[in-house]
Amino acid sequence: MAKVVSLAVLLGLWALIAWLAQSPLLPSPMSVGEMIVADTRSGELPFQMACTLARVAAAFAIAFTLGVAGGYAMGRSKLIDRYADPWLVVLLNLPALVIIIFAYIWIGLNETAAIVAVALNKLPNVIVVTREGARSLDPALDDMAQAFRFTWQSKLRNVVLPQLAPYLAAVSRSGLSIIWKIVLVVELLGRPNGVGFVLGSSFSLFDMTRILSYAISFVALMLVIETFLVQPLERRTNRWRRNAA
Amino acid sequence: MNDARTAGAATPLEIRIDSKAFVSAEGKPVEVIRDLRLQLDAFSFGALIGPSGCGKTTILHIAAGLDADFTGERRIPGRGRLGMVFQEPRLLPWRTVADNLRLVLSPDESLDRLDGLIETLGLGAHLSHYPGELSLGLARRVAIARAFAVRPDFLLLDEPFVSLDVAVAARLREELTTLTQRERVTTLLVTHDLNDAIQLADKLFFLSTRPASVAVEMALPPPRGARSKATIDEIAREVGARVPAYMPDVTRA
């Protein structure tokens with residue numbers, strides 16, 4: 001309820017200021033809403049959002065897979081950690097924009113470069129968090145798995161992943177929000193479609209109504225994904241904690 | 001170390017530790033076990049007794065094959081199938097009791113095979129619970145069920161009665177006696193409690209202080225598990241006479 005009231009107040013304030021300003025630089029919520037409806041009907045908005053979402057999904061999948069594998073290896077092996085840590089520090093401190101520019105220059109202005117750039121931006125964060133998780137794995141359960149001769153698949157599924165789950169959940173949540181923001185930059189700089197591209201071209205035309213309608217639509221979509229996909233998944237992995245004494 | 005599997009199920013469990021050392025915080029090796037020999041006849045029940053911190057759990061880990069960093073030899077009976085009950089139950093908290101048990105079965109087996117075991121240990125009503133919902137006594141029972149579920153050739157028990165109240169511990173002792181006799185499994189119990197050892201075991205091994213070795217070995221009269229109060233007192237007196245050095249510490253603990 002509080003959320004609804006808070007959003008309604010925000011919307012009301014926006015409407016009031018837009019009405020007072022009477023400027024094309026701040027369109028009213030009504031005209032933004034009308035554009036969302038119109039662009040949805042024409043198929044333009046769903047198409048651009050789908051392009052962006054596909055990039056988010058691909059970059060997320062790559063960063064997550066490589067990051068979890070790398071972070072786990074670094075968390076479990078001191079030797080790997082010693083050698084790979086300096087690379088990680090470099091990658092962590094490289095600005096997103098620099099990685100994007102490198103990718104476009106070296107790979108070309110194409111889809112591969114866009115996705116690689118975004119995945120590389122997210123990768124170090126996944127590694128750092130997974131490494132923490134891997135370091136905190138309970139050696140007592142390792143011994144148990146060894147004594148009862150668990151296969152490595154069974155150990156991974158039943159012993160390791162459940163312990164990493166809170167770390168992986170945290171990294172997916174923060175990951176998704178970081179990744180989609182970087183995807184917009186990548187699209188703005190070098191893709192012919194996607195929400196970032198639309199925002200870029202609308203910026204050059206000072207088309208605030210379109211900028212607001214695409215930005216709001218995409219935030220709404222990410223909220224839907226967060227509420228109906230990420231949160232239920234997190235609840236599922238934490239089910240065993242609920243009744244714990 | 002050498003690791004050998006003795007052919008046939010009716011073979012003894014033999015552990016020989018010439019030396020086992022840890023590296024101290026200052027980086028120096030500290031020898032914790034020296035010249036320890038331990039032999040346990042097939043299907044018998046041995047108890048390893050010693051004060052806290054004397055290296056009992058280390059010996060158990062070596063017997064289990066979890067610690068290979070020692071000089072010596074380890075001979076394990078039969079197929080070498082191990083059932084182990086750790087001091088803390090070490091159940092997977094994110095799996096139900098049923099799933100914790102199912103995990104140690106082979107893929108083609110169903111939980112039905114464990115019906116008898118589950119009944120003996122009184123776990124029937126708790127199969128759908130998560131370990132966090134169980135009392136320590138119940139969690140220990142699940143750990144014991146898991147150890148027997150693998151049809152072990154040898155069973156290692158690390159202080160399974162510690163922190164349990166008297167009644168719960170007594171019941172668990174009875175259940176363990178029933179199970180080890182019924183399943184015919186060579187068992188090594190590690191404990192600091194002389195009473196537990198006398199009630200359950202065929203053979204007692206008293207450890208010396210560091211570096212630990214077996215100071216006194218004592219065979220007890222059969223039948224185990226059903227010894228009268230008088231027999232237990234008599235054994236305790238004999239222990240007092242033969243192992244006087246640190247016995248008061250052990251019994252008081």
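Me: Taking contact to mean heavy atoms within 4.5 Å, what covers the buried residues of H9(A)?

Reply: In this predicted model, the cover over the buried residues of H9(A) includes helix H3 (44-76), H8 and H10 of chain A.

Me: And which residues of that helix are the buried ones?

Reply: Helix H9, which runs over residues 195-204 of chain A, has A:Val195, A:Gly196, A:Val198, A:Leu199, A:Gly200 and A:Ser202 as its buried residues. After H9(A) comes A:Phe206, which has a positive phi, near 55°.

Me: Stepping back, how many helices and strands are there in chain A?

Reply: Chain A has 10 helices and 0 strands, and its C-alpha trace spans about 75 × 50 × 30 Å along the principal axes. Of the 245 residues in chain A, 40% are buried.

Me: Switching to aromatics, how many pairs does the structure hold?

Reply: Over all chains there are 3 aromatic pairs. In one of them, A:Phe102 and A:Trp106, the ring centres are 4.7 Å apart and the planes are at 25°, so this pair is stacked, given that planes under 30 degrees apart count as such.

Me: Where do A:Phe102 and A:Trp106 lie, and is A:Trp106 buried or exposed?

Reply: Both residues are in helix H5 (residues 96-107) of chain A, 4 residues apart, which is about one turn of the helix. An α-helix has 3.6 residues a turn, so residues three or four places apart point the same way. A:Phe102 is partly exposed at a relative accessible area of 36%, whereas A:Trp106 counts as exposed, because its relative accessibility of 67% is over the 50% cut-off.

Me: What about A:Trp180 and A:Phe218?

Reply: A:Trp180 and A:Phe218 form a tilted aromatic pair, 4.9 Å from centre to centre with 50° between the planes. A:Trp180 is in helix H8 (residues 152-190) and A:Phe218 in helix H10 (residues 208-237), both of chain A, so the pair ties together parts 38 residues apart in sequence. A:Trp180 is buried, with a relative accessible area of 12%, and A:Phe218 is buried as well, with 0%.

Me: Over in chain B, which ring does B:Arg184 lie over?

Reply: B:Arg184 lies over the face of B:Phe43, at 4.1 Å from the ring centre, while B:Arg173 lies over the face of B:Phe161, at 5.7 Å from the centre of that ring.

Methods:
Residues are numbered from 1 along each chain as its sequence is written. Chains are lettered from A and ligands numbered from 1 in the order in which they are written. This is a predicted model: local features need pLDDT of at least 70, side-chain atom pairs count only at pLDDT 80 or more; totals for chains, interfaces and linings use all residues. Side-chain values use heavy atoms; hydrogens and water are left out. Rings of Phe, Tyr and Trp (its six-membered ring) pair if their centres lie within 6.5 Å; planes under 30 degrees apart count as stacked, over 60 as edge-to-face and the rest as tilted. Helices (H or I, at least four residues) and strands (E, at least two) are DSSP runs, numbered from the N terminus. Buried means under 20% relative accessible area, exposed over 50%, partly exposed in between (1.4 Å probe, protein chains only). A charge sits over a ring if NZ of Lys or CZ of Arg is within 6 Å of the ring centre and within 35 degrees of the ring normal. Contact means heavy atoms within 4.5 Å.
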